[in-house]
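Here's a quick briefing to read alongside the sequence and the 3D view. Have both open as you go.

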Amino acid sequence: MTLKPSPSNTCRTGGCTLTGALSVTTHVRDAVSVVHGPKGCTHHNFSLLHATNLDNDDIIVPALVSTGLSETDIIFGGEQALDRTLDAVLRDDPGVIFVLSTCIVDTIGDDVGMVCRKERGVPVIPVPTAGFLGGSFQNGVNNALLALAGMAAPGSKTSDRNTCDENKTPSVNIIGEKTLEYELCGNYAEVTRLLSAVGVPVNIRFVHNLPSEQIARLGSAQLNILRDPALVPVGEYLKKRFGIAYVPSFPSGISDTTAFLETVAGACGIECRNAVAEEQALQDATLAEFADLSGSRVSFENAHADQDCIRTVRKVAKVLKMKIAKNGCPVPLPTTTPVGVSGVRRMLHRWRCSIHA
Amino acid sequence: MPECEDPLWPCAMTGAAACLGGFRGLDVIIHGSSGCYYYPATLLHAPLHGTFMLEKEVIFGSEERLNEVIGELAGKGNRIAVITTCVPAVLGEDIRSILAAHDVILVDSPGFAGDVEKGYQTALSTLAPQVDTGMTGINIDGASLFDPFSRGNVQEITRLLGIAGVPVGTVFSQDNLEKVWQAAPFTLGTNEDFPSGVGTYLGGTLGFRTMMNTFEHIARVYDGADIAPVCDEIEREEDRVTYTCDKFLRRFDPPSAAIFAGASYAQFAADILERYLDADILVMGTRNEPPESSRYPAVQVQGLHHVRECIERQAPDLVIGSSFERSVSAGRAFVGLIPPLRGKVRLAHQPLAGVGGTLHFTEEVLNACMEHKPAVQ
């Protein structure tokens, strides 16, 4: 893929709000996401979501419906088109309908909220999007998660809750997984591996392949685990609404996994010394697998990686006694910070290929 | 009904980018939001630029921003083209006046103006291609970056023309920009959904029979063309296809097929399946306008809901289309013909046009069908 955003101005390259929101709403399995705009906007996103779902071995097709705005609608207003589309969507009996607007709709000033307020027998939830007018991709994700959280009843106090099943086992919610990332499944598997080590089950993945009825369970976990710190506003909202504390991100790199175990165990009131010892042994064994990289001179290829990612990979390189130098062998950085031991292991396999190329 | 569930075909803006992005020596700017930029940039694998408009430019105008991006690209040797998207198109700014100070090609092709073919045509007509009667060779038509087979098509037709001793003129739209205005007087088609309309059209190259007719046409109009080796190859390879398909039919029933593609490729696929495999074409769902006259049951299908209905109603053995179709084909034999073709690694530039194109398509069909082993009645 060749991308040449120009000029390089980060506030302009934050991605499309609509895409961010759809990466959340299309994972509510009995929902339909209505995109109010020209067909092209919906196709762009449908194609992207379809492709990433296939990458993640998920053959479920995202349920998107475009209001198919024409030039005439854009001149005279598109509210009737939205109203008509919502009526049409109802015929398929969805559990919930999300309505997302596009750049052009906000530019012409359609009152999407007004159309959504009409009683239709199922929840019709507008999600603030509107492409670049709504902010960035991450704004879209956060706005959609907040809109969905509004579907859950306010929770009781943490001390009264603590459980998700009859065995009184404390559980956690996974909040805001990056459903478009290629490593989605692997990262979730790494987190559940760690949770299993301290005997904590996942209450719900908010939101990944989630039936809308399960959103009501959002408030019944002991702890929320955010995918990354960009979701802190969502974590704060859930803390205020349900009284649930949060961990601000999946474990970054290899050494964070033990701290992650201790944090989760502490929040759930679980003894974790054995789990931490076993995890430490796994970390040591994993690093030993890549002892041959010791002494290699490397440089990092991905100039767009975030600071957390660079910090994490520098730490890994240091532990392995690798030398970071401008003229070192270029090695690829992950798109996002590698999650846990398995994320670092995959990254080191790629580094080994580059060094031996 | 204007609303559309899971629309399957890109917008006019993407079509314009698919045309302009294929020309070397042209820097293409998508004037709009980042969302409008990323889709064509990732789909077309072309080095596109964007203005990445923000809210303030919607309110106060985009002139300054457009000039900023053009200023970064200007003076580096390439011409610049600007494609407008939906929002700038309705803001009421006089983009043409804004660009008057620059040597810039403006293509007004907002997404709501139509589908990908419309945008491709708009962009190409804006470039205003010209025939240079002094140029030798034959142009190759229909090579759109949007088509995953376009590079393979160009390679294959270049090979066949080379065998016939005919140089390639201009490739529309994958060539050096200046060749747009130095096109040869004659043109061959590949994907006929993306015609240039430049020069005298000699015919298409999809399927052996069409190719034979086209090369015979070349022999009549192009001095010095030696088509005998090409005709020999067509006959030889058609014999191989006939033999292989016959062998398939000795063991299996002919497939019943549902085909979803642009009209040009859909017609090609249906002809191959019927001619060599006696296949039953249950439906030919075209993304664009269906052919005016076709002996196959043709209907325009633009949403996945409609595709799913067709497949469920017709219950074909074989589904041909994009990975969208594969998603709703319930495990049936599948062959990819149009974008997107996701979930499968594709590195080689496979053609659909030319001799190699028919061979490639036929082997894909036979392998898919044999893998699914249709029952002998």
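This is a predicted model: local features need pLDDT of at least 70, side-chain atom pairs count only at pLDDT 80 or more; totals for chains, interfaces and linings use all residues.

Residues are numbered from 1 along each chain as its sequence is written, while chains are lettered from A and ligands numbered from 1 in the order in which they are written.

**Confidence**
- Chain A has an average pLDDT of 88, and 90% of its residues score at least 70; pLDDT is the predictor's confidence in each residue, from 0 to 100.
- Residues 1–10 of chain A stay under 50, with 19 contacts beyond four places in sequence in the model.
- Residues 156–160 of chain A also stay under 50, and there the model has 4 such contacts beyond four places in sequence.

**Chain A overall**
- Chain A holds 14 helices and 11 strands, taken as DSSP runs numbered from the N terminus (helices: H or I, at least four residues; strands: E, at least two).
- Of the 357 residues of chain A, 51% are buried, meaning that 20 or more other C-beta atoms, placed from the backbone, lie within 10 Å of the residue's own.
- Take contacts (C-beta atoms, placed from the backbone, within 7 Å): in chain A, among those between residues at least 6 apart in sequence, 75% join residues at least 24 apart.

**Domains of chain A**
- Chain A is split into domain 1 (13–149), domain 2 (158–273) and domain 3 (283–356), with bounds from an automatic or database domain assignment.
- The C-alpha centres of domain 1 and domain 2 of chain A are 27 Å apart, and their contact takes 19 residues from domain 1 and 22 residues from domain 2.
- On the domain 1 side, helix 1 (17–25), helix 2 (39–55) and helix 7 (137–149) of chain A each supply at least two residues, and helix 7 gives the most, with 7 residues.

**Chain A against chain B**
- Here 47 residues of chain A touch 46 residues of chain B.
- On the chain A side, helix 2 gives the most, with 11 residues.
- By class, that side of chain A has 24 nonpolar (Ala, Val, Leu, Ile, Met, Phe, Trp, Tyr, Cys, Pro), 18 polar (the others, Gly among them) and 5 charged (Asp, Glu, Lys, Arg) residues.
- Strand 2 of chain A pairs with strand 1 (residues 4–5) of chain B in the antiparallel sense over 2 bridges; pairing needs at least two DSSP bridges between the strands.
- A:Ser66 stands opposite B:Cys4 in strand 1 of chain B.

Methods. Two residues are in contact if their C-beta atoms, placed from the backbone, lie within 7 Å. A residue is buried if 20 or more other C-beta atoms lie within 10 Å of its own, exposed if 12 or fewer, and partly exposed in between; C-beta atoms are placed from the backbone.
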